[in-house]
Amino acid sequence: MTTLPAAGSLRPTRTATHTLGPVEVTVQDRDRTRPFLLLHGGGGIATMTGFADLLAERTHSRVLLPTHPGFGGTPKPETLTGVTELARLYVALLEELDLTDVTVIGNSFGGWLAAEIGLQKSPRVSGAVIIDGVGIEVHGHPPTDISGMTLEEIRAHSFHDPAKAPVPPSAGGTGPSPDVRALIGYTGPTMTDPTLAGRLGELDLPVHVVWGESDGIVDPEYGKAYAAAIPLSTFTLLPRTGHLPQVETPEELLGALLDLGN
């Protein structure tokens, strides 16, 4: 069992000298407010809210959790035509908030988005975590096509133990949910970009790729291929976990992230 570090102990003390007029002052900085940008997948923001609370509580960090335009009934402008455009929007958000040393954490579609944000090479981003991401093409291991599935079918593919899946208020019905339709609007029905795997080689920041061993949307071999395409990557497989570790096994996911200092 992973032993978690004490809250607020993730960042080392930094010592810097500041010049104040004719005087130089050396200051030890114990800033513990490292920012995290959390990016949800096709299940919407509800799949990330619990983990956002857990991450903020355990690390005393600043945790940002946006709703992607078009999800949750929010408007989506016509200029947001794909994942790259959405990545540029979030880099602009980091600029607007004047954030630095940001770790971007994304699940599923959010993992693809985290990779695209890293590829923007913003100096404000220092690392990324891809949790059961989609987006690349892996021969013999295509993502499961969810475009025609009911919510119940999607949950069965997404969880090691479907009993742990949250039941939305409007459970039932046929066809994809509005959030799944919003997802496909960004990714296309295959949820892949033929150029992404090659472009991942341009990532020049540390990336932790985390995968659920029971993922029925994109299997662990797909995850290993994702990690292999990224030069500075580390791969972790979580047992008894499906496509949404932050929902099904949040403590194990947090332990894996903190073990690597992300």
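**View A. Helices around the largest pocket.** In this predicted model, α1 (49-59), α4 (151-158) and α5 (178-187) each give at least two residues to the lining of the largest pocket. Helices are DSSP runs of H or I, at least four residues, and strands are runs of E, at least two, numbered from the N terminus.

View B. Gly42, Gly43, Gly44, Thr47 and Leu151 sit closest to the pocket's centre, out of 35 lining residues. The lining splits into 19 nonpolar, 14 polar and 2 charged residues, with Gly counted among the polar ones. A pocket here is an open set of points on a 1 Å grid where a 1.4 Å probe fits, with protein on both sides within 12 Å along at least five of seven lines; lining residues have an atom within 4 Å of a point.

View C. β7 (residues 207-212) and β8 (residues 233-238) pair in the parallel sense over 6 bridges; pairing takes at least two DSSP bridges. From β7, the chain passes through helix α7 (residues 220-228) to β8, a right-handed β-α-β crossover, meaning the path runs clockwise with the strands pointing away from the viewer.

Residues are numbered from 1 along each chain. Local features need pLDDT (the predictor's confidence in each residue, from 0 to 100) of at least 70.

Key. This is a predicted model: local features need pLDDT of at least 70, side-chain atom pairs count only at pLDDT 80 or more; totals for chains, interfaces and linings use all residues. Side-chain values use heavy atoms; hydrogens and water are left out.
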